[in-house]
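I'm opening a notebook page on a structure that is new to me.

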Amino acid sequence: MNHAHDHGAGARAGARHLGRLRLALALTVGFLVVETAAAFLTGSLALLSDAAHMLTDAVGVGMAVAAISLANRAARSENGGARTFGLYRLEILAALANAVLLFGVAGYVLVEAALRLGDEPEVRATPMLVVAVVGLAVNVVAFVLLRAGARESVNVEGAYLEVFADMIGSIGVIVAAIVLVTTDWPYADPIVAVAIGLWILPRTWGLARRSLRVLIQAAPA
């Protein structure tokens, strides 16, 4: 009885912030599309690398929304736990697919950056700077939306930390764009792209490893 009560209390804690989580998810996904398109239009590897990082945000926030929704369903229904188990496996599969995709994007960014270091890349710095500033603004809004909930719910806290990490990536892209605008130094973009890519890889590996442990039913840590 106490376990059921604790489970319901945890569900209610996250549910109070479900609306803010969904708004943060909509903002993140919307800008993810814009940033990906802008990366190809401007020729910026840093924007593409940051878009990959924003994808981890979208998945992280989306998984928090799913986890809270499933917990609420299980709390309301006697049979909710049976369905929740299968749906949670789908959530883990989505996380693993995201990790595989991120490895691919990070690999592409690192190879392309190495090629560009041998040949001066052409990047449209001004639109790159505008998109990076908008991206930082989106992250700040999502950060503020999730800040209160992060103190009450582990699921919200995970999404909050993802958004915080992406804010740092956005600042890196802004710095690269400012360097390009003010000095025309062409290597600022690929160097920042590599830095963000290398930062993503350990987190991506951790996500893939945790997902695989759940899928093969390994003993919990």
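Before anything else, I need to know what counts as a helix here: helices (H or I, at least four residues) and strands (E, at least two) are DSSP runs, numbered from the N terminus. I'm working with a predicted model, where local features need pLDDT of at least 70, side-chain atom pairs count only at pLDDT 80 or more, and totals for chains, interfaces and linings use all residues. Residues are numbered from 1 along each chain as its sequence is written, and side-chain values use heavy atoms, with hydrogens and water left out.

**Entry: Val65**

I started with Val65, which I found in helix H3 (residues 45–76). Is Val65 buried or exposed? For that I use relative accessible area: buried means under 20%, exposed over 50%, and partly exposed in between, with a 1.4 Å probe and protein chains only. Val65 comes out at 10%, so I noted it as buried. Next I looked at what Val65 touches, taking contact as heavy atoms within 4.5 Å. Leaving aside residues up to four places away in sequence, Val65 touches Leu18, Leu21 and Arg22. Leu21 is 44 residues from Val65 along the chain, yet their C-alpha atoms are separated by 6.5 Å.

**Entry: the whole chain**

Then I stepped back. How many helices and strands does the protein chain have? I get seven helices and zero strands, and the pattern read along the sequence is α-α-α-α-α-α-α. The protein chain has 221 residues, and 46% of them are buried. I also checked contacts with a separation of 6 or more: 80% of those in the protein chain are between residues 24 or more positions apart.

**Entry: H2 against H5**

Two packed helices are described by the angle between their axes and the distance between the axes. My axes are lines fitted to C-alpha atoms, for helices over the stretch in contact, and angles run from 0 to 180 degrees between N-to-C directions. H2 (residues 18–42) and H5 (residues 125–150) pack at about 170°, and their axes are 10 Å apart. That angle makes H2 roughly antiparallel to H5; the cut-offs are under 35 degrees for roughly parallel, over 145 for roughly antiparallel, 65 to 115 for roughly perpendicular, and oblique for the rest.

Which residues meet? By class, the contact has 16 nonpolar, two polar and two charged residues. For those classes, Ala, Val, Leu, Ile, Met, Phe, Trp, Tyr, Cys and Pro count as nonpolar, Asp, Glu, Lys and Arg as charged, and the others, Gly among them, as polar.

**Entry: salt bridges**

Side chains of opposite charge can pair when their charged atoms come close. My rule for a salt bridge is a side-chain nitrogen of Lys or Arg within 4 Å of a carboxyl oxygen of Asp or Glu. How many salt bridges does this rule give? The count is two.

One pairs Arg116 with Glu112, with the closest N and O atoms 3.5 Å apart. Both sit in helix H4 (residues 80–117), and since they are four residues apart, about one helical turn separates them. Arg116 is buried at 17%, while Glu112 is partly exposed at 22%.

Another pairs Asp189 with Arg116, the closest N and O atoms being 3.6 Å apart. Asp189 is in helix H7 (residues 188–215) and Arg116 in H4, so this pair ties together parts 73 residues apart in sequence. Asp189 is buried, at 0%. Through shared partners, Glu112, Arg116 and Asp189 join into one network.

**Entry: along H6 and past it**

Glu157 lies in helix H6 (residues 154–183) and is partly exposed, at 35%. Val61 is 96 residues from Glu157 in sequence, but 9.7 Å away C-alpha to C-alpha.

Not counting residues up to four places away in sequence, Ser170 touches Asp50, Ala132, Gly135, Leu136 and Asn139.

Thr182, also in H6, is exposed at 58%.

My last stop was Asp184, in the loop between H6 and H7. Most residues other than glycine have a negative phi. Asp184 is not a glycine, but its phi is positive, about 60°. I noted Asp184 as exposed, at 63%.
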